[in-house]
Amino acid sequence: MPDLGLNVLLKGKNMARLLGGLWVALRISLLSVAISIPLGILLGVLMSGKNPVVKAILRVYLEIIRIMPQMVLLFLVFFGTTRAWGWDLSGETASVVVFVLWGTAEMSDLVRGALISIPKHQYESSEALGLTKAQTYWYIIIPQTVRRLIPLSINLITRMIKTTSLVLMIGVVEVLKVAQQIIEANRMASPNAAFGIYLVVFLLYFLTCWPISLLASYLEKKWR
Amino acid sequence: MAEPILTVEHLVKGYGENTVLDDVSFSVRPGEVVVVVGPSGCGKSTLLRCINALEPTQSGRVRLGNETVAYGGKGLTSLRQRIGMVFQSYELFPHLTVLDNVMLAPLKVAKRPKDEVQKEAEALLDRVNLLNKARSYPRELSGGQKQRVAIVRALAMHPEILLFDEVTAALDPEMVREVLDVMLDLAKQGRTMIIVTHEMQFARAIADRVIFLDGGKIVEESTPEAFFDHPKTERAQKFLRTFTFDSVK
């Protein structure tokens, strides 16, 4: 067994620091998810509505956010707003802003997709039974939309968690940054620690995202 | 003779330049089975959709009893409860079980008590031999079974008239019969129905009256015997010939 430098984890509070970094990453992603999902639902409903101006504006927003790498968005919000307006956003706040912008855009597209995938005949057969418009949405359209949406939005959540590894670029000390610090600090004593520590980081991401993925595929099968 | 349940008066419907229904008038009396036939695109399905106000019309009106069924009109939801409609593509609600599909409208729209609704839903499902599927989801059923559930779902609202829009057109041949048998049974019970179909043998067996629609107009309206054996118009003769192969031999 080659030396993976795992003993470094046991030094001082290294393991606790890594978990603390993971918590920072999770805090950013969970807060962003909590804000993006309702906003995304709202924009998604507007996008599948009838107003062409609203639709065009939202389309442009979605495309811009999608085309830009998240890293560029992070730099733009973190450094750009300071230059332009003198705002002093903390790295974590800037990260949440970017993740909300991104998550809302992706979520709205998922909602739009789910809504337009409900066949027109479902509305008609419901109305032919005498259900009102509101009842049709409440009993027929929304339950079906939610079923299509939940597995997709869970996948979005795991993507958001994984993408938090970028926020170290604007100075947020999340799990990957903590890992780098630990490796740097032990460069002389345990040169192999890079293996061990990154392996642990991998496991931490895996243990966070895997159950969420399992839940998504379970729901997908259940509601097929 | 009894007062008509449903009257269609000078219905005109078009999409832009294209006229789909051109001054269509007819009425349906209680217990009567009216079969509408005609070439594809003649406006049969549109006619049914206009009767149920799923589509706007340009002029004319549809009367159910003494009330007018109008697209976006007042009291439309309560009028629609009195008209049952079955679609070509079944359109069961995929997220609900068979029983819940049947019970939804009686519970939420008619607001009837649950025990009574469930008892009736089960009795209706039993009548079409699907009581054992009550807890299944639509995706677990065959096309013919789905369509029988769709018929039961419409019946559970106690409609005064039933509209059938090419209900066997999407089915495999061996499943057509089970659905047609259910409809024959309904006719025997004295239900009032308007049926759009391509099954000519069935039309002949079930109809009290046949309406032949072509180019959005009623071209012929007569008893099934008169229509199928001695069609009066050239167009009806030509249409009926497309269902036989004698001329090919």
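1. The contact between the two chains draws on 20 residues from chain A and 24 residues from chain B, where contact means heavy atoms within 4.5 Å. This is a predicted model, in which local features need pLDDT of at least 70, side-chain atom pairs count only at pLDDT 80 or more, and totals for chains, interfaces and linings use all residues. Residues are numbered from 1 along each chain as its sequence is written, chains are lettered from A in the order in which they are written, and side-chain values use heavy atoms, with hydrogens and water left out.

2. About 1900 Å² is buried between chain A and chain B, and carbon and sulfur atoms give 60% of this area. Buried area is the accessible area (1.4 Å probe) that two parts lose on being put together, summed over both. Of the area that chain A buries against chain B, 30% comes from Ala128(A), Leu129(A) and Tyr139(A), more than from any other three residues.

3. The rule finds 2 salt bridges across the interface of chain A and chain B; a salt bridge is a side-chain nitrogen of Lys or Arg within 4 Å of a carboxyl oxygen of Asp or Glu. Glu127(A) forms a salt bridge with Arg80(B), with the closest N and O atoms 3.8 Å apart.

4. On the side of chain A that touches chain B, α6 (120–128) and α7 (133–163) each supply at least two residues. The most comes from α6(A), with 8 residues. Helices (H or I, at least four residues) and strands (E, at least two) are DSSP runs, numbered from the N terminus.

5. Ala53(B), not a glycine, has a positive phi of about 55° and lies in the loop between α1 (44–51) and β4 (59–64) of chain B. Ala53(B) counts as buried because its relative accessibility is 0%, buried being under 20% relative accessible area (1.4 Å probe, protein chains only). Glu91(B) likewise has a positive phi, near 55°, and is found in the loop between β6 (83–86) and α3 (98–108) of chain B. At 9% relative accessibility, Glu91(B) also counts as buried.

Technical notes
Buried means under 20% relative accessible area, exposed over 50%, partly exposed in between (1.4 Å probe, protein chains only).
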